[in-house]
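This report concerns one protein chain, shown below with its sequence. It treats the chain as a whole and then one local arrangement of strands and a helix.

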Amino acid sequence: MEEQIKQGISDALKALYSYDLAPNDVALQPTRKEFEGTYTFVTFPYARFSKKNPEETGNQIGTFLVENTEVISAFNTVKGFLNISISEASQLQSFVGMFNGKDISASSLFKAKPTGRTVVVEYSSPNTNKPLHLGHLRNNFLGNSVSRILKAAGNDVHKVQIINDRGIHICKSMLAWLKFGEGETPEASGLKGDHLVGKYYVAFDKAFKLEVADLMTKGFQKEHAEKEAPILLEAQEMLKKWESKDPEVYALWEKMNGWVYDGFNTTYEKMGVDFDQLYYESDTYLIGRDRVMEGLEKGVFFKKEDGSIWVDLTGEGLDEKLLLRKDGTSVYMTQDIGTALMRFDDYPGLNQLIYTVGNEQEYHFKVLFLILKKLGYDWASSCYHLSYGMVDLPSGKMKSREGTVVDADELMKEMANTAKSRTEELGKIDGFTTEQAGELYEMLGLGAIKYFLLKVDPRKRMLFNPAESIEFQGNTGPFIQYTHARISSILRKANQLGVSFDDIDFDRVNDIHQMEKDLIYALGQYPDKLKIAAETYSPAIIAQFVYDLAKDYNRFYAELSIFNESDKTLQQFRVALSALTAQTIKVSMGLLGITVPDRM
RNA sequence: GCACCCGUAGCUCAACUGGAUAGAGUACCAGAUUUCGGCUCUGGGGGUUGAGGGUUCGACUCCUUCCGGGUGCGCCA
């Protein structure tokens, strides 16, 4: 439909003013509610070719369109805005095109042409020294949703993560556990593995601070004391031992990481995210180290007097960056070089590698991509940093030291509990088993968090208001889930009453209501929105779309009755419209990683 | 200090990449069910888009100078 209008406008410009504009370059926008019409074409830019004022230009084009383009029934021009009305028959035809009779899930709406591109999306990638928190939730939901969106848009997508299982941070937890742990295990204490290891990371920090304070009373400057605290030196020693594969250290490292992985897996399962392949820093840092040495030989990097290895990016407007410490151990950058290489080896023909990482690391990735380019990998230009803003709380920044971090496990549990009390108030799930009810509460609680975190433009810093996020009204996940449940109820009733749309005769549908036209238009937007969301890596586009769709449906629902409609064909049509709306909500929410219930 | 990002209704967010009188939600006020799920729907007030200047038919959007906030510039990851 849009194509036909664009073609028509292109033809009109050519015929009237001998001006060439490819149909694809015709910019159409939806007509504002207060004006009559469906699509609007802005004529200001073309007044110079028509040699008429914008309004007259609009009138001329409009007249041409009504005469020559079948789908266009009328037009009006306000200043330089040409508002185009679509004939009812064409609108219905557009619906028939989307609607696929019995098998709605196979609707042409949801079919995207394969792009032939292979994309790897990295997300999550936690450190293994503490449990996941609210910030990780945004990361996981964003990366997972972008993966789903890219896949739906026709790409071959692989979800991966790099597990930061080595480094000084895990050594700190290990050391504190040795010193203060008295052999505590998740089994014995009943504490989730990641929480247990996190507990010792905190214990390390506490001991470290005490030592620093102690040194300062002995006359050390703060900076100096922070470098000389015995427990820190011990942790650094441990890291060196780890890199030389000291058996005792290695065994402890494997044990404690094992606890963390068990804990993480439980959390991932609750979150509803998964991965096609896992990478471990402990595997990739060696590859990175080799490539750094190679780069040194080739003269891409240089060695300082103390033996540390650096890259000089002053020519690119950046500064010098460390790649290997003087003691030969690796840094963050070292292993990231190795990880990137491994991925391009693992996925031959990879077209794009997306890193879902917070915006505080923008500089890091800028440097990483430059280094890869300097090393001669031309695929470096296909690496992309999907950068997102931090999550703030009403009280301000999350700070682990001040105990204001919102724990992921706890938050998900609380939201499910809230969903429980809300649902029980409503009393619509009689007949559910305890198990079914439990699943529903988790679906609603999780939907609320996911939607809340994904509806905001990823690039922007956002505020997570716990009180507001558990509200189930307004622009929220549960509102959309509710709408789906409501439509499902309609479809169940239609089924009971034997109202089927299998044999609907669309030729006999006429005089449809504005609400119905709005709904058809909204449904037709799906492919466009998906495309934009994929191009901009933004689930927020989908969230906005599905919210608008739900609102449109609720308006339609409030205005028009289905089962009291005496015209049987119109009744069938409304059921069909409801069915396709339900499916579109389901698919769209699916792109956000949110499931929708039939009853709630 | 240097670099990048952000600033829109009381609050949380939109605005189709330069288009009409800047829209939603929330909160507040007033309404709606002899109807299929009221976690719904309708209406109302609420704005100098941080400030000034520039570009043009037209600016929240682009350029520029300020102001305010954030992040980065670790032999941390």
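Predicted model: local features only at pLDDT ≥ 70, side-chain atom pairs only at ≥ 80, totals over all residues.

The overall description comes before the local one.

**Chain A as a whole**

Chain A contains 22 helices and 14 strands. Its C-alpha trace extends over about 90 × 65 × 45 Å along the principal axes. Of the 600 residues, 51% are buried. Among contacts with a separation of 6 or more, 74% are made by residues 24 or more positions apart. The 69 positive and 84 negative charges have mean positions that lie 3 Å apart.

| Element | Residues |
|---|---|
| Strand E11 | residues 352–358 |
| Helix H14 | residues 362–374 |
| Strand E12 | residues 383–388 |

How many bridges join strand E11 to E12? There are six, and the two strands run parallel. Within this pairing, leucine 353 stands opposite cysteine 383 of E12. The chain passes from E11 to E12 by way of helix H14, forming a β-α-β crossover that is right-handed. Strand E12 is itself mostly covered, with five of its six residues buried.

In brief, the local picture is a parallel pair of strands, E11 and E12, connected through helix H14 in a right-handed crossover.

Terms used
Residues numbered from 1 in each chain as written. Chains lettered and ligands numbered in written order. Heavy atoms only, no water. Buried < 20%, exposed > 50% of the residue type's maximum accessible area, 1.4 Å probe, protein only. Helix = DSSP H or I, 4+ residues; strand = E, 2+ residues; numbered from the N terminus. Pairing = 2+ DSSP bridges. Right-handed = clockwise from strand over helix to strand, strands pointing away. Contact = heavy atoms within 4.5 Å. Lys, Arg positive; Asp, Glu negative; His and termini not counted. Charge placed at Lys NZ, Arg CZ, Asp CG, Glu CD.
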